Every structure is written in C-alpha cells, then in structure tokens.
Amino acid sequence: MNKPLRRVAIFCGLLVLALLIRVNYIQFVQADELKNDTKNRRVTINQYATPRGDILVDGKAITGHTETTGSDFKYKATFKDGKMWAPVTGFASQAFGTTLLQGVEDKILTGDDDRLFFTRTVDVLSGKQKQGGDVVTTLSGAAQKAAFKGLGNKKGAVAAINPKTGAILALASTPSYDPSSFAGNSLKDKESWVSLQKENDPDEPMLNRALRQTYPPGSTFKVVTAAAALQDGLYDDIDEPTDSEVPYILPDTNNQELKNEGGIACKNVSLREALRVSCNSVFGKLGATLGRDKMVEEAEKFGFNEEQFVPVRVAASNFSTKMDRPQTALSSIGQFETAATPLQMAMVAAAIANDGKLMKPYMVSELRASNNKLVDRIKPEELSQPLSSDNAQKLQQMMETVVQSGTGTRAQIPGVTVGGKTGTAQHGVDNSEKPYAWFISYAKTDNGSPVAVAVVVEDASANRGDISGGGFAAPIAKSVMEAVLNK
C-alpha cells in the first residue's frame, strides 16, 4: 500500500474508533440521562402510554385515568374533587409535566419504578397491559373536607398532623385549581393553564400555601419562645410572676416600646396568663433575655431553617440567625423576619401535644403494585425533641388555658381537651395591609392527642378590627379537629 492510501486507511480507522467510543459512551454512560431528559418526547409518551396508578385516601382513589384521542399520548390523568385535593396530588399534565405526589411518585404511578420489575415481568408473560402502581396516603378525607370547606372563599391554608406518628391528615390551600382542567394536551388545556398563572390570576390558585408559602406567624410563635424559656430554666412554675415591665423598652434602642394590643394587663404576669391574653411585652423580653443563639437553637429543634420532605418538598421556615437584641425580641413574638409555613406551625403544635417529641411529617404510608402487592411501607420516625416531657405538659396547660378562657375560646369542643394559640401577624410595610389570622391547636382525648392543626387566613374582605386568629382561624381548626375525632 502506498503512503497516501495508508494515511487514508489510518484516518478512516481513527474515525471508526471514535464513532465506536462515542456510541458506547452514549449507550452506557449517558443512557439514563438521555432517557430521562425532559426534552425527550419519548419519555413523555411513555408516561402516558399506559393507565397511571392511583393516589388513595381512606382506601379510595382520588385520581383516575381516561383514554384520549387525536394524540400520541394514549391516557391522561383525571382527578376527583380536584380543587380540594390539588395541594396533595399536584397535577399530571401531558403538556406541563407533574408536581407534588404526581411528580415525586411518578415512577410508581407509571409502573416504571425498578421495584415493580417483577410485577411488570409477570404482566408481560401473562399478556396483560402494563399498569401503574398506587400511592396510599395518610390523609383523612373527613379532615380535608372540613379544612377546605372551612376556608371557603377565603385565601389561606390548613395543615393537620397526627402528633403520635407525624402522619399528615389534611393539607388544604385556597383558592385552588382543578388539575383535570389541563391534564391533556389540547388547546383548551393550554388556555386553562395560562389562565391560572400568577400574571393572569393575582390570587395565585396554583400556589400551595400549606407547603410552599411562608407567613409571619405572629403570636402563635410565642409557644416556641415559651418552650425555650422553660427548657432554659428561666422560669419553672408557669404560674409564678414573671419579671415583666410595662411598657417594655426594646434593648439597645432609643426608648422604642414593644406594645401590647388592646390594653391588656401584662406587668409581671405569669407565663400562663401571658399566653392566655398574648402579651407581646412578656414574650419579647423572654426572647431578648434568652438571646439569639438559644432562640435559634429552640426554633431549629421545631424544624425551622430547614426544608422538609414529606415526600413532597416543603419550603424552609425562617428564624433569623443574624439578629441584634431588639430584633431577637421582635422575632420571639413572630415578627421581624420570622416566617413559617402552615405545616411548620402544625409541627410546633404536634410536638407540644406529643409530650415534647416531634415526629417527622409524612403523607405517604404505602406504595403498592397494580396487583395490590406491597412495594414499600413508610414507618413513623422521630425528628427531634424540642422540649422535655415535663415542660411539654406545662406548655399544654398554658395552651389549654388559652382555649378555656383566653383568646381561643372558639376552638372549644365539648368533652374534649383542646389546647391552642391565636395569632394576628402584621403584614405589609409599617403594617399597612390587613394582617394574617393564625390559629394552632391540638385535641386531646383519654388515648392521647390524635390531631394537631395550623390554620392561616388571608381575608381581604374583612375589616382590620375584625381580623383575629380567634375569630377567623379557630373555628376552622375546630372543624378539622372534630372531623378527626368523629371519624
């Protein structure tokens, strides 16, 4: 072979070698990445090529599927009581993807999860069509219905938890949307999607206020400050007088007062009385006396400053780690930069109700194959111990007094011990907008506490003087607790 031909042969050989290397790299290194790339239409076609599995509540499906025509997507998801359950299910849309449980558990619901390999193999051998698996939730249909109905046309959210296990019983968010309205890929589906976006609907119906929106928690945060004071030993007896002057001057300020609302008597009152009537001066001073580091430590034990996964991601609630003394005082009454999701405040109430032990919140109890065979079971897991059993029981007494004769009387349930705390959180620059109404609570029977609830209401239709956690949020919490107790 002459020299020019040899060079051509070597060059062609190198090209073939490079091609082989590239092909093997794509097949064995990039295969999974390319297979799951959102731009790969075959991935989406596969998602909707077979019937999706169901999401179950109380053993009944709240989702379903139907065949479509005129598209290469054979099936689309359907939703029962879609607006009520959207904060739990999320959506599964041929055009816009998946979110929440529909997204996190997508591989189970489509039947593509590796743990379903044996079931898929049996189906193939028996000639059956591939079928998605089911997601069994911890949700209570009665509690969810009470939460959704209680919120009505108000803007707000409800979260309810079983304190003993961490099982989520209700997650409601209003206004809401129907995931069925854009589950397909038609022009109508796309128009529905566009109409729900923030720029077209300022009420943001697709915002999950229970899990993804943080609010200033206002006076509901005072139970965290009380827990910190008890844990630190600053006060031991909840009925002994506190060293609380009125007016309380914020430390390191030019005589800036931390005022109490409504002219309530707060000078040297006990912890129980301070929580009953909601004294800003008492809890602000407690926070400043304990100091930033101790307050941060206690808040973080309750779950602040960290995202939760239930398994859906929950936005991190905030308690600032960079504060001076007056800011610490304000943060300790739920102001300054303190912000919490409704689920976070339900966790606070749940930990207190569970004698100081905080269980990790979760809303999926089991994953099952299409033949009902168990794939995975989620077990309750302890997250932290924010306060001792003895101190938790003291705080329970304080919260129960709030409901018996304080600001939370509208949460009373005959024959049931209820503990709670109201909150009216400032909103807007210089408190220029209507405040948020909060209520956190738990119900307790002879067998312990089966439910803890957090409610936040943003009600633009109310007059400022009428907005209060006790007036707006407590009745909703009561209805949710009753739904769980009566189940």
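**Ser173**

I began with the side chain of Ser173, which reaches the backbone oxygen of Leu207 at 3.2 Å in this predicted model. I also found it reaching the backbone nitrogen of Arg209, at 3.0 Å. I counted a polar contact as a pair of N or O atoms within 3.5 Å; within protein, one must be able to donate a hydrogen and the other to accept it, and residues adjacent in sequence count only if both atoms are side-chain atoms.

I placed Ser173 in strand β9, residues 168-174. Helices (H or I, at least four residues) and strands (E, at least two) are DSSP runs, numbered from the N terminus. Is Ser173 buried or exposed? Ser173 is buried, with a relative accessible area of 3%. My cut-offs were under 20% relative accessible area for buried, over 50% for exposed, and partly exposed in between (1.4 Å probe, protein chains only).

I then listed contacts (heavy atoms within 4.5 Å). Leaving aside neighbours within four places in sequence, Ser173 touches Leu207, Asn208, Arg209 and Ala210, and also Pro87, Leu151, Gly156 and Ala157.

**Ground rules**

I note that residues are numbered from 1 along each chain as its sequence is written, and that side-chain values use heavy atoms, with hydrogens and water left out. Because the model is predicted, local features need pLDDT of at least 70 and side-chain atom pairs count only at pLDDT 80 or more, while totals for chains, interfaces and linings use all residues.

**Whole chain**

I logged 17 helices and 20 strands for the protein chain. Its C-alpha atoms fill a box of roughly 105 × 60 × 45 Å, taken along the principal axes. Of its 487 residues, 51% count as buried. Among contacts with a separation of 6 or more, 67% come from residues 24 or more positions apart.

The chain exposes about 22,100 Å², and carbon and sulfur atoms supply 50% of it. Areas come from the Shrake-Rupley method with a 1.4 Å probe; for residues, only the protein chains shown count as cover.

**Helix α9**

In α9, residues 187-196, I found Asp189, Ser192, Trp193 and Leu196 buried. Seen down the axis of α9, the buried residues fall within an arc of 100 degrees, so they line one face of the helix. The arc is that of the directions from the helix axis to the C-beta atoms.

Most residues other than glycine have a negative phi, and most peptide bonds are trans. I went looking for exceptions.

The bond from Val246 to Pro247 is cis, with omega near 0 degrees. Pro247 sits in the loop between α10 (222-232) and β10 (248-249). The bond from Val310 to Pro311 is cis, with omega near 10 degrees. I place Pro311 in the loop between β12 (308-309) and β13 (313-314).

Phe336 is not a glycine, yet has a positive phi of about 55 degrees. It lies in the loop between α14 (325-331) and α15 (342-353). Asp355, not a glycine either, has a positive phi of about 55 degrees. I found Asp355 in the loop between α15 and β14 (358-359). Asp355 is partly exposed at 31% relative accessibility.

Last, I noted that the C-alpha atoms of Gln393 and Asp355 are separated by 6.2 Å, though the residues are 38 apart along the chain. Gln393 belongs to helix α16, residues 389-405.
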